[in-house]
Number of protein chains: 2
Amino acid sequence: MKRKIKRKVTIRDVANLINVHHSTVSRALSSDKRDQISFAMVEKVENAAKKLGYYPNIVASSLKQNRSLTIGVLIPDLMNPVFPPIIRGIQDTAEAFGYTVITANTDDDEVKEHDALKMMQGRSIDGVIIATARREDPIADECIENDIPFILVNRTVDGGGVNAVVVDEDCGIRTVLDHLTSLNHTRIAHIAGPQHTSTGYHRARAVSDYLRTHGMRSNLVETTERFTIEEGERAFRKLLARNIDFTAIVTGNDLLALGCMDVMEEVGLLVPGNISICGYDDILFLERMNPALTTVSLPKYEMGSYAVRALLDIIGGESDGSGVIRLQPRLVIRNSTATASR
Amino acid sequence: MKRKIKRKVTIRDVANLINVHHSTVSRALSSDKRDQISFAMVEKVENAAKKLGYYPNIVASSLKQNRSLTIGVLIPDLMNPVFPPIIRGIQDTAEAFGYTVITANTDDDEVKEHDALKMMQGRSIDGVIIATARREDPIADECIENDIPFILVNRTVDGGGVNAVVVDEDCGIRTVLDHLTSLNHTRIAHIAGPQHTSTGYHRARAVSDYLRTHGMRSNLVETTERFTIEEGERAFRKLLARNIDFTAIVTGNDLLALGCMDVMEEVGLLVPGNISICGYDDILFLERMNPALTTVSLPKYEMGSYAVRALLDIIGGESDGSGVIRLQPRLVIRNSTATASR
DNA sequence: CTGAAAGCGCTTACAG
DNA sequence: CTGAAAGCGCTTACAG
């Protein structure tokens, strides 16, 4: 049983209604061609269009103009709580400029990333926002090769020369470590995120630079393969197994911190009584956890918003494609940090 | 400075390469027309296509076929933690069937809902999934009027006769209330969600039915206007102000419960020492909160997944458009419920 | 099994 | 200021 389909009203239908050529209707309805048309005619067309309930077929217009008013977004996983605010920032801003966004989850899988990009190319996206970049990123290269305007968000690639919206990681790390040292912590460990991501790598480097500069030991580091709770648990167990004293931990992101805290609870370590811990990102509901996690808060929504503005500049040719926007993070002190236990 | 654009390879390019007509290429590359073409030719075409890096222009194919392999999704707000898992379920399943999804946030605003639907129509979406329905919903009506295949998810409309994927609310409520009564609670309050939504309304009715059937008072109810933490706070204050005894609360969703707990903390009421509380939905991180919230867990990812399957059936004409899929929720007992305090 | 033609709904260079 | 024509990249009914 096939559905009956009501034929949609086209530009020709409104043209016929008022006996003009459909090209006139097209012009009258387009914001930048409207001035070629007499005011009276524009009004007539608009009325006719409204009367028939006309709305433009963007698919047809995309085909002709070779731009789709659509941008693609590549993220690892929508269910990771960092992303919804970023995406919302992207969607709101895109919408404000008349663009639609299509998102793909790639689960950190290179094949999926490639497939998603191909799918987006097939849909003639005008540009793509990439939140999945690794320091060496084949997808960024693929975009360059195929002349697809793109911008990285949050993570970037080594070497630069590429548009990106990132946060000032040095500042973020400095700010947590200043906080910790002001609480008299001197033996500070780091659970680092994946070193093939710019965020994991730069945060780790910033930690070690800071600690060395301030005369503290900087080798209390465990590295993880993914930014997940499970990896946080695993790494923290390894850290404990090394049997070295420390009074505070800084983690590469909040999920890693949650993993650490799970193990601490299991082994009877108190936060912040025995150990202080700080996360990074400031995901949802941290303030309601037990204890509430001190963290470095990223301007997530803004990152998304800036990313589309910058991308639209590139698409419009008003940018040369190698600008980095660096946003400032902000320390949020909650209950997981306290004066160093003696 | 305009970007230089590499012309994309078309069906004609691959046709020219092997000296055949482009319609042959089209057929050779289409899964359901391929059998009209000799095997040798199919191979030749595929090789040529691969050699040139051809991928189909879905925009052009959409225009011709009058279907876009795209579905739209209307949600109130991506940043509300119930939605990411639903969306992910939708995206994964849609992708598996070759569909792309575009999502719009409507912030519970009728005008935005309407605009979003129009935008989607302009993009020739093949169908839409609506998570924003009110009991009387103009958008659902608009879809019917415009012959847009659609399905409701989570919330439904009064009167039925419409496709929907919902959860068995009676079962959900029975299950929490059984739990609470088994802990000897007899004076149970309800913070109800918005009554213009099916979820807010049905859950409230189920609570009151249950309480009356079991001989308990059923008038300890406060109604909210939105499913938010703030509304939970407001309603709970009103409930307290009535100065009536109760030992447990069931809320219309988790966010409302969090709002209640915020006020309890403020006024020095202990959970579950003084009062037990249960939420609904089972959003992220509830297990890490203080105390961990007992709740009714919805199969969120599955709801999204079922919604696209059902929608594709409607689009394909294999469903008559009035089926309701009712999924079972599951009680998750955590630390916010305990034996009734004397 | 393959080709030639028409057309999906727009936009835009070219005339007038 | 408006019209007539061509074309974006596909698909498909019609021939052969």
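The surface near DNA strand C has eight nonpolar, 13 polar and five charged residues. In this classification, Ala, Val, Leu, Ile, Met, Phe, Trp, Tyr, Cys and Pro are nonpolar, Asp, Glu, Lys and Arg are charged, and the others, Gly among them, are polar. A residue is near a strand if its C-beta atom, placed from the backbone, lies within 6 Å of it. Of the 26 residues around DNA strand C, Ile11(A), Ser23(A), Ser26(A), Ala60(A) and Met41(B) come nearest. Two or more residues each are given by helix H2 (22-29) and helix H4 (58-65) of chain A, and by helix H2 (22-29) and helix H4 (58-65) of chain B. H4(A) gives the most, five residues. Helices (H or I, at least four residues) and strands (E, at least two) are DSSP runs, numbered from the N terminus.

The model is predicted: local features need pLDDT of at least 70, side-chain atom pairs count only at pLDDT 80 or more, and totals for chains, interfaces and linings use all residues. Residues are numbered from 1 along each chain as its sequence is written, while chains are lettered from A and ligands numbered from 1 in the order in which they are written. The predictor's confidence in each residue is its pLDDT, from 0 to 100. For chain A the mean pLDDT is 93, and 98% of residues reach 70 or more. Residues 1-5 of chain A stay under 50; the model has six contacts beyond four places in sequence for them. Where pLDDT is low, the predicted coordinates should not be read in detail.

Chain A and chain B also meet. The contact takes 39 residues from chain A and 40 residues from chain B. Two residues are in contact if their C-beta atoms, placed from the backbone, lie within 7 Å. On the chain A side, H4, helix H5 (83-96), strand S2 (100-105) and helix H6 (110-122) each give two or more residues. That side has 19 nonpolar, 11 polar and nine charged residues.

A rotation of 180 degrees, with 0.0 Å of shift along its axis, superposes chain A on chain B (RMSD 0.1 Å). This is the relation of a two-fold axis. Of the residues of chain A, Met289(A) comes closest to the rotation axis, at 2.2 Å (C-alpha). The same surface serves both copies: 100% of the contact residues of chain A recur in chain B.

Note on methods: Copies are superposed by least squares on the C-alpha atoms of residues with pLDDT of at least 70 in both.
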